[in-house]
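Please open the model in your viewer and keep the sequence panel beside it. The tour below goes from one selection to the next.

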Amino acid sequence: MKNQLAIVLDFGGQYSHLIARKVRECGVYCEIKPYTTPIKKLAELNPMGIIMIGGAKSVYSEGAPVCEPSLYELGVPILGIGYGAQLTAHINNGKVEKAKEENGEVTLNIDDPKSLLFEGIKPASTCWMSYSDCISQVPDGFKITASTANCPCAAMENPENRVYAVQFHPETSYTEFGNIILDNFLKKVCNFKGDWKMSDYVDETIKELKNKIGDKKVICALSGGVDSTVCAVMVHRAIGKNLTCIFIDHGLLRKDEGDMVEDICRKQLKMNLIRINAQDKFLSKLEGVTDPETKRKIIGEEFIRSFEKVGKEIGKVDFLVQGTIYPDIVESGAGDSAVIKSHHNVGGLPDVIDFEDIIEPLKLLFKNEVREAGLELGIDENLIWRQPFPGPGLAVRIIGDITRDKIALLQEADAIFREEVAKAGLERSISQYFAVLTNMRSVGVTGDTRTYDYTVALRAVSTNDFMTADFVRIPYEVLNSASTRIVNEVGGINRIVYDITAKPPATIEWE
Ligand code: XMP
């Protein structure tokens with residue numbers, strides 16, 4: 001795997017992950033490295049290609065992320081995208097200037113059809129632009145290979161040195177031939193074979209885990225969700241009995257979920273499991289708390305405290321394994337990205353942690369890739385296709401303060417919605433679907449009696465990466481039966497609404 005490595009050099013922004021995924025979809029193993037990685041370190045990794053991607057900064061602005069010019073002397077093919085293209089011009093003595101901002105789809109004209117990058121694409125196609133600076137003069141040795149109406153240098157290259165740059169974003173689905181352009185760079189410029197598969201990642205990771213852990217003791221935070229289960233099974237494959245899974249039941253799980261998790265881990269997967277019933281502890285800490293970020297922080301911290309406690313009880317523990325995946329890191333504000341939510345498995349880790357080290361074997365992967373890895377590991381398909389459930393659980397689906405009554409109410413409503421979705425055979429076509437207990441009460445009528453009860457919102461989204469999502473056009477009949485059953489079967493709820501917002505501007509969870 002390592003002798004066929006591509007590196008995505010991340011200069012900020014939120015899109016390095018998308019590139020990484022696209023590269024892996026081309027059958028090329030790829031890792032994201034921050035732009036601050038010393039060139040010597042990058043060279044030691046022996047990459048066959050480097051893709052530079054950045055955020056919205058100008059290369060001239062104070063504190064703009066830059067790399068050492070020696071990057072271009074490694075002899076490794078380079079593709080600069082967006083900010084990465086401008087930096088390539090800037091470092092190699094070209095010129096970058098302020099331009100009229102452009103965001104959106106524009107026509108890309110190929111000026112040099114012989115460019116390896118543009119083999120197999122139409123002379124005029126759609127591309128996605130997002131810039132406020134433009135390359136106004138290409139460096140010596142470079143030529144312009146594509147342009148748009150407002151951007152005379154939409155692509156440039158120095159084929160001799162195998163350095164390429166595109167101002168537009170081939171990683172987005174709005175660029176018509178984006179996948180082909182990336183594939184051309186990887187296969188035609190870098191000469192990748194493109195035969196990397198998820199099973200390679202799984203085998204390699206298990207080997208690395210074996211080497212790193214040896215016969216030391218490991219505990220794994222298990223939630224029963226796809227990520228933590230795949231993660232635990234991977235570590236279990238590597239070190240067997242030296243792994244103890246700890247399942248903290250914080251009392252904010254879906255209906256009957258605690259028992260199900262216990263059953264799957266003990267009986268199906270044959271893993272050591274300790275279940276901690278910490279419902280009282282979590283709920284008392286959360287009493288009266290209404291602010292979403294405070295809820296998340298409390299739960300994150302409480303998780304770690306619980307782990308510390310069991311860790312001490314089971315003797316010396318060297319490593320803590322967590323099922324953090326890539327979007328968790330991005331959305332928690334790693335690097336230059338803004339903090340959107342503190343994901344409990346990233347943001348809540350206090351400094352006082354009592355473990356030697358944390359292992360996160362899935363942190364480079366996206367949800368679909370985690371599922372693929374899970375199937376490679378032979379995990380039951382039903383478990384692999386379970387919809388994701390956030391670490392803080394129902395706490396982020398109960399708006400306002402959390403009480404036991406509200407949890408019970410939401411568990412029932414959510415279970416009914418899930419049953420109705422399953423009855424309609426829609427479970428696999430919807431990425432995530434659940435009920436939310438809004439803090440709003442409104443007037444209703446049951447028989448002759450006035451009610452003043454809660455409103456439940458139903459949410460169902462489809463998404464590839466959970467970074468953006470659309471609401472699902474669920475058939476009215478399904479919504480109708482869910483709505484009728486919830487108001488009839490669950491007391492305290494007299495109104496059901498359906499959330500029809502995409503992400504962005506909303507997020508998938510309500511908190
Ligand atoms: P949002 O609400 O940010 O959710 O659009 C994106 C995806 O992440 C899940 N999610 C979490 N997962 N810990 C997790 O492990 C968390 O703290 C967390 N918060 C949100 C959410 O369910 C959706 O799949």
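Which strands does helix α9 lie across, and at what angle does the helix run to β11? Select residues 292-313: this helix lies across β10, β11 (243-249) and β12, and runs at about 135° to β11. Helices (H or I, at least four residues) and strands (E, at least two) are DSSP runs numbered from the N terminus, and angles run from 0 to 180 degrees between N-to-C directions, with axes fitted to C-alpha atoms, for helices over the stretch in contact.

Before going further, note that this is a predicted model, in which local features need pLDDT of at least 70 and side-chain atom pairs count only at pLDDT 80 or more, while totals for chains, interfaces and linings use all residues. Residues are numbered from 1 along each chain as its sequence is written, and side-chain values use heavy atoms, with hydrogens and water left out.

Next, show the open sheet of 5 strands, which has the order β12-β11-β10-β13-β14 with parallel pairing; two strands pair if DSSP finds at least two bridges between them. β12 (272-277) and β14 (357-359) stand at the edges with a single partner strand each, so one side of each has no neighbour in the sheet. From one strand to the next, the twist averages 25°. Within the sheet, select β10 (residues 218-221) and β13 (residues 319-321), which pair in the parallel sense over 3 bridges, and find I219, whose bridge partner in β13 is L320. Helix α5 (residues 198-213) packs on this sheet, touching β10, β13 and β14 (contact means heavy atoms within 4.5 Å), and its direction makes about 165° with that of β14.

Now move to helix α6 (residues 226-239), of which 12 of the 14 residues are buried (under 20% relative accessible area, with a 1.4 Å probe and protein chains only), so the helix is largely enclosed by the rest of the structure. Its buried residues, among them V226, C231 and I239, pack against α5, β10, β11, β13, α11 (367-376) and α12 (381-384). G240 follows α6 and has a positive phi, near 55°.

Finally, colour by pLDDT, the predictor's confidence in each residue, from 0 to 100. The mean for the protein chain is 91, and 94% of its residues reach 70 or more, but over residues 346-353 the pLDDT stays under 50. Where pLDDT is low, the predicted coordinates should not be read in detail.

Terms used. Buried means under 20% relative accessible area, exposed over 50%, partly exposed in between (1.4 Å probe, protein chains only).
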